[in-house]
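Subject: Structure for you to look at

Hello,

Here is the structure I said I would pass on. My notes follow below it.

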Amino acid sequence: IALAAASDRKVYTIYGRYADIRRALDARGWVERPPPVEGSIAPHMDLSGLRPSSSPANPDGTKGDGGDDVDISQSLVERALAEHPPNLVFTCKRDAINYRTALPWQHLNHFVGNACLTTKVGLSKTIKELPWTADTDPDHLFPKCFYITDENEMLDFIDDFRLRAAIAVLQQIQPWQVPASLTVLAQRGVEQHLSLHADGRLLDDGVDKIPPDLTDVEWECLLQYTYAKLGCATVTSAARMAEEAPTSDDSES
């Protein structure tokens with residue numbers, strides 16, 4: 001079985017506790033070659049892409065003691081695959097991989113320069129840059145996310161959060177029995193967004209049609225009302241804020 005897996009390029013090495021991944025690979029006909037252990041590396045052992053581990057690991061991911069109770073079949077598999085470098089190396093620590101000896105056909109879950117995919121910030125930026133290279137809407141491909149330590153992205157997050165609150169109010173006018181004053185605020189907020197954007201692009205001819213911006217107080221009324229309906233605030237206080245809040249038209253007059 002081990003030699004057949006090696007012939008089919010279905011040999012894997014996993015560092016650490018990943019029992020679910022092991023079971024999934026085993027079910028697909030893969031065979032595990034345990035990580036090499038310091039002090040027990042045979043001269044003929046191929047260490048391509050691998051660094052020695054300080055202690056052996058059992059198939060379930062737990063650490064073993066290397067004693068006489070080691071499973072015989074596992075020892076035979078290790079011996080049979082000693083000269084066959086793994087096709088897949090999986091680890092949570094990139095130090096376990098020897099990039100200098102890795103072979104072109106080996107698959108590694110850690111590789112140099114992968115921050116654009118394996119970090120939250122990197123993945124967010126990569127997804128948002130997709131329109132430059134592909135005819136794809138990032139919001140349809142991946143949940144919308146923001147890097148809020150960046151000032152511009154923080155403002156984008158606030159705008160998007162407010163917009164979704166306005167949409168929620170308009171969608172729940174009947175079930176929530178939304179006051180007329182809050183309905184007007186929500187409608188203005190959505191109309192403002194639609195006037196500024198079409199398919200993600202700023203409208204060149206819509207500058208004169210943009211409704212007056214909602215004030216921070218008006219937005220807060222909408223947010224507090226949605227919080228109240230979700231059990232996070234008092235409905236009456238949110239509605240009272242809406243009735244007492246100065247509108248954009250009042251401030252202009």
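Which residues does Leu185 touch, leaving out those up to four places away in sequence? They are Leu214, Glu218, Cys221 and Leu222. Please keep in mind throughout that this is a predicted model.

Leu185 is one of the buried residues of α9; the others are Leu182, Thr183, Ala186, Arg188, Gly189, Val190, Gln192 and Ser195. The helix covers residues 180–196, 17 residues in total. From first C-alpha to last, α9 reaches 25 Å, close to the 24 Å expected at 1.5 Å a residue.

Val11 has Val31 in β2 as its bridge partner.

Aromatic pairs

How many aromatic pairs does a search of the whole structure find? It finds four. I describe some of them here.

The ring centres of Phe146 and Phe157 are 5.6 Å apart and their planes are at 65°, so this pair is edge-to-face. The pair links distant parts of the chain, 11 residues apart: Phe146 sits in the loop between α6 (138–141) and α7, while Phe157 is in helix α7. Phe146 is partly exposed, with a relative accessible area of 23%. Phe157 also counts as partly exposed, at 30% relative accessibility. Together with Phe161, Phe146 and Phe157 form one aromatic cluster.

Trp176 and Tyr225 form an aromatic pair that is edge-to-face, at 6.1 Å centre to centre and with 65° between the planes. Because Trp176 lies in helix α8 and Tyr225 in helix α10, the pair ties together parts that are 49 residues apart in sequence. Trp176 is buried, with a relative accessible area of 17%. Tyr225 is buried too, with a relative accessible area of 1%.

Backbone points to check

Where is Gln177 placed? Gln177 is in the loop between α8 (173–176) and α9. Its phi is near 50°, a positive value in a residue other than glycine. Gln177 is exposed, because its relative accessible area of 69% is over 50%.

Arg9 also has a positive phi in a residue other than glycine, here near 55°. Arg9 is found in the loop between α1 (2–7) and β1 (11–14).

Regards

Definitions and conventions: Residues numbered from 1 in each chain as written. Predicted model: local features only at pLDDT ≥ 70, side-chain atom pairs only at ≥ 80, totals over all residues. Heavy atoms only, no water. Helix = DSSP H or I, 4+ residues; strand = E, 2+ residues; numbered from the N terminus. Expected span 1.5 Å × (residues − 1). Buried < 20%, exposed > 50% of the residue type's maximum accessible area, 1.4 Å probe, protein only. Contact = heavy atoms within 4.5 Å. Pairing = 2+ DSSP bridges. Phe/Tyr/Trp six-rings, centres within 6.5 Å; stacked < 30°, edge-to-face > 60°.
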